[in-house]
Amino acid sequence: MKEQDRERTIVEVVGRIVEATRLGANNGGLSVEDVLADTLYFEQQRLKKSPRDRDNNAYRKLYRSIRQQLPRTSVSEQVELLRQSTDRFAREVVGKFDPRVYAFTTRVLPVGAGLMVNAVSPLSLISRLPELPSLKDQVVLRGATETLKGLANKGTVILAPTHLSNLDSIILGYSLFLLGLPPFTYGAGLNLFANPLLSFFMHNLGAYKVDRRKQAGLYKQVLKEYATVSMEFGYHNLFFPGGTRCRSGAVESHLKLGLLGCGLQAYINNLKNNKEKPNIYIVPCTLSYGLVLEAATLIDDHLKAAGKSRYIIEDDEFSKPRQVLNFVKELISLDARIVMNISEPLDPFGNRVRPDGTSEDGRGRSVDPSRYVFTGDGPDHDAQRDTEYTREAGRAVVRSLRQDATFLSTNLLAFTAFCLLRARGMDRQFYRFLRTADDLGGIPLNEVHLALERLRDALREKVRAGELGSNPVPFGFDPQSVVADGLKYFGTYHTHEVLARRGDRLFPGDMKLLYYYHNRLTGYGLESAIDERLRGDQ
Amino acid sequence: MSYPIIQLSERRLQPDYEGPVFVWDVDKTYLDTDFKSIWGLLRIPLEMAIDKTIIPGTAATLQECRRGPGEHPVHTPIFFVSASPPQLAGVIRRKMLLDGLQPDGFLFKDQLQLALQGRFRELKFQVEYKLTAHWSLIADLPPGARLVVVGDDWESDGHVFHLLDATQRGDLAGDDLAAALLDAGVTPSSVDPMVDLAARATGRAQVMLACVILTRGRDPSYFDPYRPVVHAAREALQAAALFAEHNLVSPGGVARVAWRLRADWGWTEQQVADSLADVTARSLVAEPLIHQIREALEHG
């Protein structure tokens with residue numbers, strides 16, 4: 001957020017939350033005292049496990065003071081305490097944007113990363129001089145890019161991407177720059193602000209801070225209100241609707257609607273305030289990597305608890321600069337592509353938006369979205385109604401993400417190999433199968449090729465039926481090339497080869513990672529194309 | 001004294017296998033290794049896989065060799081013979097992985113052992129190594145396998161392939177072979193072990209085709225004495241066309257090699273046409289096949 005907007009944003013966020021709490025209390029909701037007590041409880045729980053650094057000590061001091069005052073305060077004094085707590089949260093959350101750092105970063109980062117990588121291979125660097133390597137060639141932008149650029153001038157955009165890696169925000173930021181769009185604001189986990197590689201950039205490139213350890217309702221309200229106000233001030237936003245990095249590697253099918261709902265709130269506020277450009281556009285977007293930096297940690301987490309995964313992972317590959325360097329090196333040396341696929345935009349109600357910014361319903365008829373929020377004389381909020389609209393928008397986002405997913409050679413090869421192995425080990429319980437698949441023997445390459453051909457046909461059928469976008473496999477689907485390309489990726493970055501070829505057979509080297517990369521194609525009913533016995537697993 | 005060789009095999013063929021087996025030389029045939037200059041020699045151990053350069057079009061040709069002549073890939077066995085030390089196996093394997101190749105095995109010259117045994121001449125001399133490597137490999141192959149050997153014009157590959165063909169057919173053995181080996185410059189103390197090794201390999205895995213890729217730029221007529229088994233290809237596209245003539249790759253596969261040469265190596269349409277015209281003029285490839293290749297090129 002630009003310096004000139006910071007203070008007024010904080011004032012607006014704090015004012016709205018305090019007012020809403022006061023009004024809520026008057027209408028039978030939680031009292032101000034209850035909200036404060038709730039905040040104290042959750043914050044004390046958090047602080048018990050937190051180190052004694054400057055920030056936490058400031059919080060301790062604030063809460064000590066509130067705890068002492070709370071039993072003896074009047075309602076108006078409680079409101080003041082609430083204002084103090086909210087202000088503290090808001091000041092922590094609000095992001096800073098320094099245009100000089102942005103200009104520097106967009107010029108230097110791509111080449112810097114390229115140099116960093118080639119420093120590992122000085123011969124390669126010398127042989128290319130004076131041309132400097134760049135990350136630019138690695139990013140492939142597809143889909144409704146022109147529509148996105150057009151809509152960014154017609155209203156405020158919420159980019160809603162899939163989330164696989166902590167590198168996503170960097171790749172997305174860089175892609176938006178390549179498209180000629182201004183930087184988007186987005187919420188980034190506290191761990192990224194503490195990351196030695198990224199800290200400086202996170203603090204200066206408009207990211208706002210999200211501390212997932214803060215569980216107090218008041219803090220979550222601050223986050224939502226901050227996103228809402230920033231949109232009303234015309235800042236394009238980037239939300240990861242899945243909430244956190246997808247642990248399984250699949251395309252998200254369950255979204256967290258909280259931040260998505262902010263778009264609707266901002267839209268209604270814009271209409272109420274007669275803003276010149278009130279429209280909010282939700283643009284789903286899928287990111288696809290041949291290799292995922294944190295794949296090993298994420299799938300471990302997914303399998304460990306199957307549903308009870310850690311929400312915050314602070315000790316993954318991303319926190320190890322050497323590992324990140326190694327990953328980026330592989331990315332460039334493999335000439336790997338990262339595909340960013342922009343879907344057709346949606347309005348806050350889940351209607352499709354045309355390139356000219358107007359909405360249309362499922363039958364292609366024009367609709368006026370402002371009519372959706374009219375109550376009596378004009379536009380207004382209605383909690384129950386708005387929740388339902390947001391759910392509808394969430395469903396539309398999921399449909400887009402799944403429909404416009406992109407599958408790379410690692411996904412295609414892993415899906416095929418995993419399904420062939422699974423069919424052989426059908427008699428084993430799933431976790432046992434993962435542990436013992438090694439003893440199923442290798443899969444003959446000709447079997448893999450034939451299965452890939454069946455998968456290719458099944459994908460074509462899905463495209464014809466409209467279940468997938470027109471080109472889900474962007475770099476061609478020649479089975480032999482898919483095998484060669486997939487093996488190239490699987491044989492390099494990860495500690496153990498995910499899948500290895502010996503002679504004319506493929507052998508699983510890391511079943512968990514094979515499962516992770518395979519998961520990208522799950523949920524489309526493609527398993528039976530590989531082996532009819534897997535029909536029940538779909 | 002036996003020749004120190006490191007043999008790494010990842011695939012055991014069925015005993016009744018009667019199909020082709022490619023045996024490719026690595027240095028100067030697939031990898032563009034510079035053994036001649038001091039800088040080139042210094043570079044070799046320092047190079048990472050990504051730094052290694054290849055002879056234009058050879059990766060695509062090798063992929064087509066693996067794919068075979070039909071619609072579905074047949075995974076034709078491919079083994080590699082390298083005069084590099086086995087310590088470079090990791091880098092070479094990784095380079096092949098990056099190039100999408102699927103080697104089934106390697107034979108490396110154990111240069112450390114040679115040096116320790118004081119056989120310094122043999123560090124640079126390749127005839128002994130190449131023949132020993134091929135016979136060692138043949139001893140492990142099914143008797144019905146048919147060899148397709150691929151080398152270059154920098155060393156004595158043409159002569160090596162000629163001798164190999166003769167011994168495999170049983171035309172050269174015993175004292176005659178010993179004399180031929182001495183003529184070829186083999187160290188006298190190595191001759192007897194080599195004749196013994198050849199005797200074990202004779203009759204197994206006949207040479208079906210030998211191809212020398214002229215990466216040094218010699219005139220093809222230099223290899224005329226070694227015909228009909230040894231053929232000279234000026235570059236990878238001609239090698240691919242030659243393999244297609246022997247039904248080892250498809251006409252579409254040759255077209256794919258041509259596309260890669262154009263896309264990755266800056267070849268022009270005219271260069272492709274000239275190359276194909278040359279193999280026809282030299283009677284390596286018949287006109288009907290060239291017609292099919294041209295059709296595949298036109299129809300993408």
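**Figure 1. Aromatic rings across the structure.** Searching the whole structure turns up 27 aromatic pairs over all chains. Here, rings of Phe, Tyr and Trp (its six-membered ring) pair if their centres lie within 6.5 Å; planes under 30 degrees apart are stacked, over 60 edge-to-face, and the rest tilted. This is a predicted model, where local features need pLDDT of at least 70, side-chain atom pairs count only at pLDDT 80 or more, and totals for chains, interfaces and linings use all residues. Residues are numbered from 1 along each chain as its sequence is written, chains are lettered from A and ligands numbered from 1 in the order in which they are written, and side-chain values use heavy atoms, with hydrogens and water left out.

**Figure 2. F407(A) meets Y524(A).** With ring centres 5.6 Å apart and planes at 80°, F407(A) and Y524(A) make an edge-to-face pair. F407(A) sits in the loop between α15 (383-403) and α16 (409-424) of chain A, and Y524(A) in the loop between α20 (511-518) and α21 (527-530) of chain A, so the pair ties together parts 117 residues apart in sequence. Helices are DSSP runs (H or I, at least four residues) and strands likewise (E, at least two), numbered from the N terminus. Both F407(A) and Y524(A) are buried; that means under 20% relative accessible area, with exposed being over 50% and partly exposed in between (1.4 Å probe, protein chains only).

**Figure 3. F418(A) and F433(A).** These two are another edge-to-face pair, because the rings of F418(A) and F433(A) have centres 5.5 Å apart and planes at 85°. The pair links distant parts of the chain, with F418(A) in helix α16 of chain A and F433(A) in helix α17 (residues 430-436) of chain A, 15 residues apart. F418(A) is buried at 3% relative accessible area, and F433(A) is buried at 0%. Ring pairs also join F418(A), F430(A), Y431(A), F433(A) and Y515(A) into a cluster.

**Figure 4. Arginines over rings.** R402(A) has its charged end over the ring of Y524(A), 4.4 Å from the ring centre. Likewise, the charged end of R371(A) sits over the ring of F374(A), 4.9 Å from its centre. To count, NZ of Lys or CZ of Arg must be within 6 Å of the ring centre and within 35 degrees of the ring normal.

**Figure 5. T39(A) in helix α2 of chain A.** T39(A) belongs to helix α2 (residues 32-48) of chain A and, at 1% relative accessibility, counts as buried. Its side chain reaches the backbone oxygen of V35(A) at 2.7 Å. Setting aside neighbours within four places in sequence, T39(A) is in contact (heavy atoms within 4.5 Å) with Y63(A), F89(A), A216(A) and L218(A).

**Figure 6. L62(A) in helix α3 of chain A.** L62(A) lies in helix α3 (residues 54-69) of chain A and is buried, at 15% relative accessibility. Apart from neighbours within four places in sequence, L62(A) is in contact with Q84(A), S85(A) and R88(A).

**Figure 7. Strand β2 of chain B and its partners.** In β2 (residues 20-25) of chain B, 6 of 6 residues are buried. P20(B), F22(B) and W24(B) point one way, while V21(B), V23(B) and D25(B) point the other. β2(B) pairs in the parallel sense with strand β5 (residues 146-152) of chain B over 5 bridges; strands pair if DSSP finds at least two bridges between them. V149(B) is the bridge partner of V23(B) in β5(B). Strand β3 (residues 78-82) of chain B also runs parallel to β2(B), joined by 4 bridges, and in β3(B) the partner of W24(B) is F80(B).

Conventions
A polar contact is a pair of N or O atoms within 3.5 Å; within protein, one must be able to donate a hydrogen and the other to accept it, and residues adjacent in sequence count only if both atoms are side-chain atoms.
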